[in-house]
Every structure is written in structure tokens, then in C-alpha cells.
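Visitor: I would like to learn how to read a structure of this kind, one feature at a time. Could you take me through it with care?

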Amino acid sequence: MEASLDPEPESGSRLIGGLKWEDLADGKVHRLKKNKHFAGPVRAILSQCDTAAARLDRGVLMVREEFSRDYQYLWVQFTDQQLAVGEPCRCGGRSQTRLHEKFGRCDVCGASIAYRGTYVPETADGAPGASRRRTAKHLSEYQELEFVTRDHEESTPEEDVWYARGVDPTGRRVFLIVRFPLRNGHRIPDPVVPGFDAHVAFRFRVDPFVRAGELGVLDVWDDVLRLTRRTDGDAPEPGTDAPRG
Amino acid sequence: MTTSVHEPQVPPTAAAPPVDVHWGSDSLGFAIGDLWRQRSLLPRVGIRVMIKGLAGTMLGPFWIVAAPIVSLVGFGFLFGSIAKPPSHGVPYLIFMLAGALGWSAFERVSFWGTRSFDVYRRIIRNVNVPSLMVPIAGSVIAAVEVAMTLVILLGTLLVYWVIDGHLYLRFSPALLLAPVGLVLSVLVGWSVAFWTGSLNARARDVRLVFRWVLLIWLYVTPVLYPLSSLPEAIAALARFNPVVAPVEMVKEGFLNIGIVELDRLAVTVGFILFVGGTGAWFCTRKAPGFIRSRMGLDDDEEDF
């Protein structure tokens, strides 16, 4: 009976047997079988799952398996939230344990996290209230990207920190603090964008700082380092492994 | 009203420190709790290997029945007629099948457990399956195979009952030793699989080496011949073999021909507690990192 089936029939796939997406949003992994738990193509039910996660304000991890016409499955796991890597938890917690390429937990509130993409926070000159649905800025989106120097003090065996500069997608000059997570001392290839390493990039538009300098705003603080013309001695160390990008 | 430039302004919010996203793993206690919480997932994960294996065949479930019959009965007749090992007064085929039942509970569980992080790779890379569940999930297909061995043993007992007029199966309270032996065998298998499965997630060499280890292990276990027939050097080694006691318990339970000794049983229990405990810890702490270290290197399956 069509009337008893789960909503969203317009897309061709739907949950059946009285199953609802809400029933599956318990944080556990579920295996859904075609013609038992859902009807229609697996690929279509995937997008419905994504839509359901957005409607429920949850994150979701999914994988489909199609062994044959009779054996088609969707594995699905809803999480408390969906974040880009580097995005703070909803509770405001800024420490997360990543247990899996796509799954982690907030160290503050324990909420489960589905990771998707890379996060770039808004700075004071950006739009207020960063949206969790906003497209994260990836290094591949910058023009004239140049890695200037590695921050040796900030870098650790788990993380490589670099300063870079470039032009953002809106044409503004920015400088970037780029953090590369390391595994066994090596950067991790970006699973989404080939040719790049996984990273979190924090961008800062240069223009306000230049203007602030012109207006003498920075002069009121004695602890602000004065800009000096670079000398050859300030150049990045030869042989340092400049990131791809 | 004009605003003086000297009037206090609300300062912009200071830039928040970057979010610290660090790799980690669950504690063993949490992992065990998570395993229990998601226990209903276990058969669904486990049966996946069988579904995938049968999906491309024409005869389908026939192979679940045929494969062990051909290998066990064929091997039993062949080895029994060529080597003619002693069998404590029962037909060799029955003797061998009883031993094989106890052995297979260990061997199949450890075999599938060792391969588990490979065969479930597609799932564990995309959803967060509890780490401890992965080697254990391999036991589902092992359980089917062990059940087939049991069916073959019972069928053979029935055939010999009809042919010889003698039922070799013993009905007594001691029959309970058989399921206890099977459970111990499974636990030994899990103990091994926590280690080998995790290490195989790092390097597949483990799986290749483990095949040979299992073959050697079989020869120091009283499956093909009785414990009393083992050469002295192998018998000494067998004293530290944690699978001997479970196999003997199965044989004693079904046929009253096993040798159940407390010191051997202590070896088995000690092995489960120590190797199994440390293995569970190792699997929880290290396996996720090992999986990540092989990300994208060898997965020819399509991800999205």
C-alpha cells in the first residue's frame, strides 16, 4: 500500500515496511536491504538519506553495496552532527578525536561527528555566523598560492603548520595559515582533491591589515612586530618540503 | 546624535583558536560497550562475506553444503585408508570428524578473523563499525562452516549406526563437554584473530604466513590422530597448545574417546585471558590506525 510507505516517493526510492529515517538516527550502523527496507535504486535512496539527515539536522555516513540484482544494500549511520574537518562542535568545543576518516567525537560534549570536507572559518571581515552548510575553502580554490615558510615552533610530529599567501576566489589577497595533519611524519593525501594533501586552511584578508598599518592602528601596541623588508636570510629553508598546491 | 571617535566601540571578537582535531581511538572499555550496543549488527556484517561469495555463483547455497562434505569426507577416507592411524576403536572417519569439529571452530574463526579487516574494508572505511566487531564478525561465516561439519559428523554417525548397528554417539551428561569445547575453541580463535586481524590490516603478509601457521598448528593438535600417537617432541609442544583441550573435550563429549586434563584446560583458559585480553586492547587501539595507513593503496572497490 503506497499510503503506508515512507514519504519522499517523488524521488523513486523510499523506505518500506513502516521504517522511518528517524528510527535509524540512533547513532548505530544499520544495514538496509533492497525490497526489505527500501524500494527503488540504491543510488536514489542515498540522496534521500542525505536529505533526511539535513531534515533531522544530523550528519550521516553511508555506503552502498550491490552484489547482484537480489543483493543490494545500503549501510547507514547517523551522527549527532556533520562538520567539516577543523570546524568547531556545536557545543563550541574546539577539541575533537577523529576515530575514523569520516567519524569522530567532540572531546567536550561527546557528540558524534560525520566529517565532510575541510573547514575555513570566517574572519572578522567575512560574513558573520559561519554556516555549517557553507562550502569550505580548499587550497585548490586559491590563485597564485605560494607557501612562504613553515612555522617550526607550531609544527609538531602530528601536524605541519605553514604560512602561505594567495588570492581568494573573490579576488582578494589573503594570507593563510595551513595546518597539515601528519601520519607517521608524512602528510596525508587529500581523499577528495587529488594532488593536494589533507589540510585545514585559515585565511585572513590582507587589505584590512594594510589599511590598519596606513592608519597607524598597529602603532598603538608596542608588542606588534614592525614590518621590515625581507632579506635573503628570511627566505624559507632550502630543502623544506613545501606542500603541494 | 553624533558618535565621537573616542566613544568606546564594541571590539570585534578575537579570532578563536583553531580546532584541535587529533587522531585517536576508543578505550577498550568503551569499545566493548559499543560492541554490545551494536551487537545486532554482528550477523549482518558477518553474513556479508557469504552473500558476496555466493552472489556470483550459479549453484548458490549448494556450495555451503558441498565444499565441507567433499573436503572432510574425502580427506577422512583418504587419510584413514593410507595412514591408518589409531582411532580408539571408532571408525576413523568418525574419529577424524569429531576432532575436525573442535578444530574447525578454532581454525575457521581465526582464519576469517585474520582476513576480516580486508573483507569488510569497504564498510569499515565508510561507517564506524566497532573495531572489536570486525574480527568477531568473521565468526558468522565460520559458524556456518562449523555447523556444516557438525551436520556431516551427525550424518556419518547415523550412517554407521545403520551399517554397523552401533551408535557411536554417547548420550550422557558428558555430552555437554562438546559445546563447552566448541565455545573454548571459538574463544581461542578470537584471541588469535584480534592480533592477526589487526596486523593483517597493516600488512597482508600476515594472512599468507598465518595459513602456514595453521597447517603446522593442525599437526600438533589431535585431529588426524590421537594425542597418544604424537611423537614425543610434538607431544611436548602440544602441552602448550591451547586448542588441544577444546578438541579433546569435543571428542570426549561425542564419542567418549578424548583426554580432558586440567593442566591443558588451564593452558587454554590462560591463553584466552592473556592473548585474548591483550589482543582486544591491541585491536581497539591499533587497528583503526592500520586501516587508515592503507587508505587508498589497495582498494579497488568503488567508494563514493
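This is a predicted model: local features need pLDDT of at least 70, side-chain atom pairs count only at pLDDT 80 or more; totals for chains, interfaces and linings use all residues.

Visitor: How many helices and strands does the secondary structure of chain A have?

Guide: Helices (H or I, at least four residues) and strands (E, at least two) are DSSP runs, numbered from the N terminus. On that basis chain A has three helices and 14 strands.

Visitor: Which strands pair with β5 of chain A, and in what sense?

Guide: Two strands pair if DSSP finds at least two bridges between them. β2(A) runs antiparallel to β5(A) and is joined to it by five bridges, with A:Lys33 standing opposite A:Tyr73. β4(A) also pairs with β5(A) in the antiparallel sense, over eight bridges, and here A:Val63 has A:Trp75 as its bridge partner. A hairpin of five residues links β4(A) to β5(A).

Visitor: How many residues of β5 in chain A are buried?

Guide: A residue is buried if 20 or more other C-beta atoms lie within 10 Å of its own, exposed if 12 or fewer, and partly exposed in between, with the C-beta atoms placed from the backbone. Strand β5 (residues 72-79) of chain A has seven of its eight residues buried, and is thus mostly covered, whereas across the 245 residues of chain A the buried share is 31%.

Visitor: Where is A:Asn35, and is its place buried or exposed?

Guide: A:Asn35 sits in the loop between β2 (29-33) and β3 (38-39) of chain A, and its phi is near 70°, a positive value in a residue other than glycine. A:Asn35 is exposed, with 11 other C-beta atoms within 10 Å. A:Asp57, likewise not a glycine, has a positive phi of about 60° and lies in the loop between α2 (42-56) and β4 (59-66) of chain A; with 12 C-beta neighbours inside 10 Å, A:Asp57 counts as exposed.

Visitor: How many residues does each chain bring to the contact between chain A and chain B?

Guide: Two residues are in contact if their C-beta atoms, placed from the backbone, lie within 7 Å. The contact takes 35 residues from chain A and 32 from chain B. On the side of chain B, β1 (20-23), α3 (48-55), α6 (121-126) and α12 (262-293) each supply at least two residues. Strand β7 (residues 95-100) of chain A pairs with β1(B) in the parallel sense over four bridges, and A:Ser95 stands opposite B:Asp20.

Visitor: Where is the kink in helix α5 of chain B centred?

Guide: The bend at a residue is the angle between axes fitted to the seven residues ending there and the seven starting there. Helix α5 (residues 92-119) of chain B has a kink of about 35° centred on B:Trp103. Of the 28 residues of α5(B), 26 are buried, so the helix is largely enclosed by the rest of the structure.

Visitor: What is B:Val243 in contact with?

Guide: Leaving aside neighbours within four places in sequence, B:Val243 is in contact with B:Trp103, B:Phe106, B:Ser185, B:Val188 and B:Thr221. B:Val243 lies in the loop between α10 (232-238) and α11 (244-255) of chain B and is buried, with 30 other C-beta atoms within 10 Å.

Notes
Residues are numbered from 1 along each chain as its sequence is written. Chains are lettered from A and ligands numbered from 1 in the order in which they are written.
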